[in-house]
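Let's take a walk through this one together, starting with the whole chain and then zooming in on a couple of spots. Keep the viewer open as you read.

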Amino acid sequence: MATRLQTPVLTAEEAVARLRRAVHARAGDFYAMYSSLLGGIVTDPALMVVPLDDHMVHRGHAVFDTAMVVDGKLYQLDAHLERFWRSAQLARIPLPMPQAQLRQIIIDTAAASRQRQASVRYWLSVGPGGFGLGTGECVGSSFYVMIFRGQSYPERFYTEGMKVVTSRVPIKPPFFARVKSTNYLPNALVVLEAAERGADNGIFLDARGLVAESSNMNVAFVIRDGVLRHPAFDAILEGITVQRLLHLAPRLVQEGLLRGVEVGDISVEEGKAAAEMLLIGSSIKVAPVVEWDGQPIGDGKPGPVAHRLLELWHEDTLTAADQLIPVPYPED
Ligand SMILES: Cc1ncc(COP(=O)(O)O)c(C=O)c1O
């Protein structure tokens, strides 16, 4: 007598029906996905899937980046793409199509989402082909794009300021910190650890014990002499947002709010004695930090530089024509 399995073996129709049933309430925030395996865009979240044999899934051999649609325009897409191509090269992932075509697919997927405010994340992987480590088995690089509602942080982060702790999670070694690969385990653990310790985020220190970066954002300081200082970029991810703000910050020197802008080492002692501490990135924008390891930063309140840099960021997303690509939304 044949034994009956306790787990159902599904037909293709049953599997698709179950994929539809597995769509959860949060998938309402997933607007459109492109997959090079489909060669097109889907808007049904049930179809926003990646095959398990893609080495991105089981080996983390993939890179990604995230840009934003702000007010119907892609902000700093080309700067994010430059970092994306660099990451792909460092991870030795061949491009499946010319750069211009991949860029156009991102723009088209943003348009198909019909969203005027959204996050735009895209991945390049060595692709599917089996469950080994070597890429020889891969049938070709894959490319995915997802347009989704960006993470919204609590308003109090900006009005009252954030609390951070020095993370006990080891930072990735410099080479891996500079490649934006899908290996974000340390970054995810920093966020978990911070929440467990009653903080809003964590600060990674580098191998020398100097300030490095935060979970998925950079960290800058207004040191006591009025200089905006950011760590060098040799052992951390080159944040696109902070680089843009370092470019715009000399305006705050003209306004008399800062005395200078510097990139260089920052010790924990210097950081804790700063007048202001700021977290900066595509998702957080610019948020003031008012407490680090239980100690107040400056007077323990959000400072004027954090406030002004956030204003500069907003202004830039609306007016910097060379940083903006209008999304060609379909008419109807
Ligand atoms: C580890 C890490 N550092 C810094 C950043 C900030 O970079 P960006 O301004 O490009 O979002 C990110 C986000 O991509 C990140 O993941």
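**The chain as a whole**

The protein chain holds eleven helices and 16 strands. Its radius of gyration comes out at 22 Å, close to the 20 Å that the globule rule gives for 332 residues, so the chain is as compact as a globular protein of that length. Bear in mind that this is a predicted model.

How much of the chain is buried? Of the 332 residues, 49% count that way. As for what ties the chain together, take the contacts between residues at least 6 apart in sequence: 70% of them join residues at least 24 apart. Charges next: there are 32 positive and 37 negative side chains, and the centres of these two sets lie 3 Å apart.

Now zoom in on strand S8, which covers residues 201–205. Four of its five residues are buried, so S8 is largely enclosed by the rest of the structure. What does S8 pair with? One partner is strand S7 (residues 162–166), which pairs with S8 in the parallel sense over three bridges. To find your place there, look for Val 164, which stands opposite Asn 201 in S8.

Strand S9 (residues 211–214) is also joined to S8 by three bridges, but these two strands run antiparallel. Here Ile 203 has Ser 214 in S9 as its bridge partner. S8 and S9 form a hairpin, with five residues between them. In that turn you'll spot Gly 209, which has a positive phi of about 85°.

For a last stop, head over to helix H4, which takes in residues 99–113, and find Ser 113 there. Is Ser 113 buried or exposed? Its relative accessibility is 7%, so Ser 113 counts as buried, the cut-off for that being under 20%. Which residues does Ser 113 touch, leaving aside those up to four places away in sequence? The answer is Tyr 31, Ala 32 and Ile 147. Val 42 makes another handy landmark: Ser 113 and Val 42 are 71 residues apart along the chain, and their C-alpha atoms are separated by 9.4 Å.

Technical notes:
Residues are numbered from 1 along each chain as its sequence is written. This is a predicted model: local features need pLDDT of at least 70, side-chain atom pairs count only at pLDDT 80 or more; totals for chains, interfaces and linings use all residues. Side-chain values use heavy atoms; hydrogens and water are left out. Buried means under 20% relative accessible area, exposed over 50%, partly exposed in between (1.4 Å probe, protein chains only). Contact means heavy atoms within 4.5 Å. The radius of gyration is taken over C-alpha atoms; the globule rule is 2.2 Å times the number of residues to the power 0.38. Lys and Arg count as positive and Asp and Glu as negative; His and the chain ends are not counted. The place of a charge is taken as NZ of Lys, CZ of Arg, CG of Asp or CD of Glu. Two strands pair if DSSP finds at least two bridges between them.
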